[in-house]
Amino acid sequence: MDSIISIKVKKTNAYFYFKKSNYNRMMDSIKKLKWRYAVKKFDSTKFLSDLKIEILKEAFNLTATSYGLQPIKLVIVNDKEIQDNLVKCSFGQQQIIQASHILIFCIENQINEKYIRDYFNLIKKIRNTSDEILQPFQEALITTFSKKDANEIRIWAINQAYLAMGNLLTVCAMEEIDACPMEGFLADGYDDILNLKDKNLTSVLVMPVGYRAEDDIFSNFDKVRKSINDSIIQL
Ligand SMILES: Cc1cc2nc3c(=O)[nH]c(=O)nc-3n(C[C@H](O)[C@H](O)[C@H](O)COP(=O)(O)O)c2cc1C
């Protein structure tokens with residue numbers, strides 16, 4: 001039978017009770033999140049399996065996005081020649097050449113009426129929802145987006161890319177895949193090297209993934225975080 005564990009919160013002296021199996025599961029998630037860190041040196045002899053890459057693809061596609069519009073695309077690179085070129089547009093950050101794969105989070109450049117109509121056609125195809133129900137939502141969304149200027153739409157799309165990266169960082173931790181989230185790169189350079197303009201895409205975030213090098217000194221550093229009381233207000 002599942003035993004019960006009690007935890008006393010020092011500050012309030014309150015007790016919380018958990019089933020042991022639930023408590024272990026919860027601690028497992030926290031342990032994995034503590035295990036992850038922004039890797040500064042990857043082991044360039046280790047590569048992610050096809051299965052791990054498939055998991056990352058599925059996880060990316062399952063990311064929640066505003067209205068469900070998915071204005072983002074993931075470009076995956078595992079080609080040392082391309083990675084070598086990308087280092088030059090990444091302020092020399094060596095993770096880009098060392099890592100097994102490079103994930104490039106991109107936004108769609110054309111979020112227009114056609115894009116929104118295509119999305120509603122997809123809903124109709126997958127859920128068989130009637131036009132009668134979909135039509136008002138579709139028209140409302142087209143009106144909402146017609147009132148936004150290009151920059152507003154761009155920022156909205158970038159926000160979705162950050163969500164996707166956050167999602168994948170957590171999935172990487174759960175799957176014991178090492179990663180480094182990165183803003184430190186020149187988007188124009190990446191867009192040129194990867195021909196992203198031709199695909200109507202702009203790169204916004206980069207994440208090398210693979211396995212940490214045994215001698216990455218950052219793997220032993222304590223996490224620097226505010227105290228829970230400083231970062232959370234529980235009313
Ligand atoms: C949006 C974002 C951009 C980042 N850009 C870089 C980067 O360009 N290069 C790098 O080495 N680390 C980068 N980091 C890693 C952060 O410095 C790191 O996540 C933070 O210091 C917390 O440490 P931890 O992830 O190891 O717990 C970035 C992190 C985030 C979330």
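The protein is divided into domain 1 (1–35) and domain 2 (40–222), with bounds that come from an automatic or database domain assignment. Taken over C-alpha atoms, the centres of domain 1 and domain 2 are separated by 34 Å. This is a predicted model, in which local features need pLDDT of at least 70, side-chain atom pairs count only at pLDDT 80 or more, and totals for chains, interfaces and linings use all residues. Residues are numbered from 1 along each chain as its sequence is written.

Helices (H or I, at least four residues) and strands (E, at least two) are DSSP runs, numbered from the N terminus. Two strands pair if DSSP finds at least two bridges between them. Strand β1 (residues 4–8) runs antiparallel to β2, and five bridges join them. Of the five residues of strand β2 (residues 15–19), the number buried (20 or more other C-beta atoms within 10 Å of the residue's own, placed from the backbone) is zero, so β2 lies largely in the open.

An open sheet is formed by four strands in the order β3-β4-β6-β5, with antiparallel pairing. β3 and β5 (178–179) stand at its edges with a single partner strand each, so one side of each has no neighbour in the sheet. Eight bridges pair β4 with β6 in the antiparallel sense.

| Residue | Opposite residue | Strand of the opposite residue |
|---|---|---|
| I104 | V206 | β6 |

Beyond its neighbours within four places in sequence, A161 is in contact (C-beta atoms, placed from the backbone, within 7 Å) with I72, F105, I107, V204 and L205.

Around the ligand are Y37, A38, K40, Q93, C180, P181, M182, E183, G184 and K223, where the criterion is a C-beta atom, placed from the backbone, within 6 Å. This shell divides into five nonpolar, two polar and three charged residues. Here Ala, Val, Leu, Ile, Met, Phe, Trp, Tyr, Cys and Pro count as nonpolar, Asp, Glu, Lys and Arg as charged, and the others, Gly among them, as polar.

Conventions
Two residues are in contact if their C-beta atoms, placed from the backbone, lie within 7 Å. A residue is buried if 20 or more other C-beta atoms lie within 10 Å of its own, exposed if 12 or fewer, and partly exposed in between; C-beta atoms are placed from the backbone.
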